[in-house]
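Hello,

Here is the structure I promised to pass on to you. Please have it open while you read, and my notes on what turned up follow below.

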Amino acid sequence: MNTTTGAALARLRSADPVSGMRAADPDDATARAMLDQILAEAPPVPGRRRTERRLVLAGAVAVTAAAVVAAGVVATPWSHGRPASAAYAVTADGDGAVSVTVHWDQLGDPAALNAELARLGARTVVMRVSADGACRTGFATDPAHPPYRRIKFGEHPELRDPARFREYEWSQTPWLDQTSRWTDGVAFTIRPDRIPAGDTLLIPYELGASQPAQPAGVDGAVRGSMLVQDVPACFPGPADAVYTTNGVEVR
Amino acid sequence: MEPDQVARFERLFAAHYGDLMRFATRRVGADAAGDVVSSTFLIAWRRFADVPAGQSRAWLYGTARRVIANELRGRERRDRLGRRVAAHAEVAAEDHARAVTEQLRVRAVLGELAPGDQELLRLTEWDGLDVDEVAAVLGCSPAAVKVRLHRARRRFANRLAAADRADEVHDRTVRPITLPEGNATS
């Protein structure tokens, strides 16, 4: 590198727009709250390469699921504890609530699960996120309950506390309780009586792209839930859609 | 969840949080930088097994770049960014008024380069990444980075020198000539 280039690069380094910025401290309250919030998420799946996914919806259920592939998936009643091999199980609780447990990677066509939810009056539809390009129809969500929220910690400093933040998140969706989650599935309870009149609870889920060498190896995650007045025919993929406070709009 | 896994992630967070905040602040402004860094580390946590031990910094920077790109694709975010860019423009104008011209001039020259050149120079000169890390961030070979970086540096230096010369000419044109007393002609 000659002198001219060296001098030019020195001037470039001096022109760094954040050169006067105070170094961000990983031990300060903001950073610690961020770290705590991240670690409160589902634990990482060990030893498995997964496709990156968009982080789009706030609140509600947010879990990751690992690849556990079972042949001959059947639905069996679920009572207590973690089901070992059922793709899903649905039970009506005595108080009108409906409890669901599901292994996303084993679910396949959610039609049977949705039929069971309808039979129990759950007012809920589970829908797989379409592959990119397969669904080009957006839809509106209940304007009174936007699925996408931004929270300004400056206006709500108490929510920097991860526990308070989780409480707040769940307070925004009283019709859905996440009771437990594990690495390959989730259990949650729907409270249909708390779903606003005329709305249906829509729970999208997505399976990551399979690795070529693992045709059956998929993983999935529930992004969140949303309230819709008209259930869409399909749920557009992330490449086709923009998630807004008004719903899902096609790009 | 293994305790060791948490401890290793906390070390990763502590080691790179500050650098990633600076990286994100340069690109999306201070307001949105926290969101970008949080999303980046969340992805790192969810894919912790994929983070290469020897190149965790490059992996994080590459992920942060994609997070930022995704952010910018969203209409809502784009609108907010538009307002933020406008705000930055006001700050720049104010800085200019305060005669902080050198930094603005250098950044303007950088902004005239091709996007690929700009990115290489930002990653090396501002973020301090080495060739291997830049290659990992951009998804190309270290040899390709070396060649492209050499050319980018040369192009930047040439453009900066040209800008300096243009300013000198401009100065000579507009600067009033002061003659020694007694030599003035009417």
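The side chains of A:Asp16 and B:Arg26 form a salt bridge with an N to O distance of 2.8 Å; the term stands for a side-chain nitrogen of Lys or Arg within 4 Å of a carboxyl oxygen of Asp or Glu. This pair crosses between chains, running from the loop between helix 1 (3-14) and helix 2 (29-39) of chain A to helix 1 (residues 3-28) of chain B. Helices (H or I, at least four residues) and strands (E, at least two) are DSSP runs, numbered from the N terminus. Both A:Asp16 and B:Arg26 are buried, where buried means under 20% relative accessible area, exposed over 50% and partly exposed in between (1.4 Å probe, protein chains only). A network of salt bridges links A:Asp16, B:Arg22, B:Arg26 and B:Asp127.

Before you go further, please note that this is a predicted model: local features need pLDDT of at least 70 and side-chain atom pairs count only at pLDDT 80 or more, while totals for chains, interfaces and linings use all residues. Residues are numbered from 1 along each chain as its sequence is written, chains are lettered from A and ligands numbered from 1 in the order in which they are written, and side-chain values use heavy atoms, leaving out hydrogens and water.

Over all chains, the search finds 15 salt bridges. One of them joins B:Arg27 and B:Glu119 at 2.9 Å, N to O. B:Arg27 sits in helix 1 of chain B and B:Glu119 in helix 6 (residues 115-126), so this pair ties together parts 92 residues apart in sequence. B:Glu119 is buried at 7% relative accessibility, whereas B:Arg27 is partly exposed at 24%.

Now to the cysteines. There is one disulfide over all chains, a disulfide being a pair of cysteine sulfur atoms within 2.5 Å. The partners are A:Cys135 and A:Cys234, with their sulfur atoms 2.0 Å apart. A:Cys135 lies in the loop between strand 4 and strand 5 of chain A and A:Cys234 in the loop between strand 10 (226-228) and strand 11 (241-244), so the link ties together parts 99 residues apart in sequence. The link is right-handed, with 75° about the S-S bond. A:Cys135 is buried, at 1% relative accessible area, and A:Cys234 is partly exposed, at 21%.

A:Ser130 is in contact (heavy atoms within 4.5 Å) with both of these cysteines, among others. A:Ser130 is itself buried, at 17%.

Happy reading!

Technical notes. Lists of a residue's contacts leave out its neighbours within four places in sequence.
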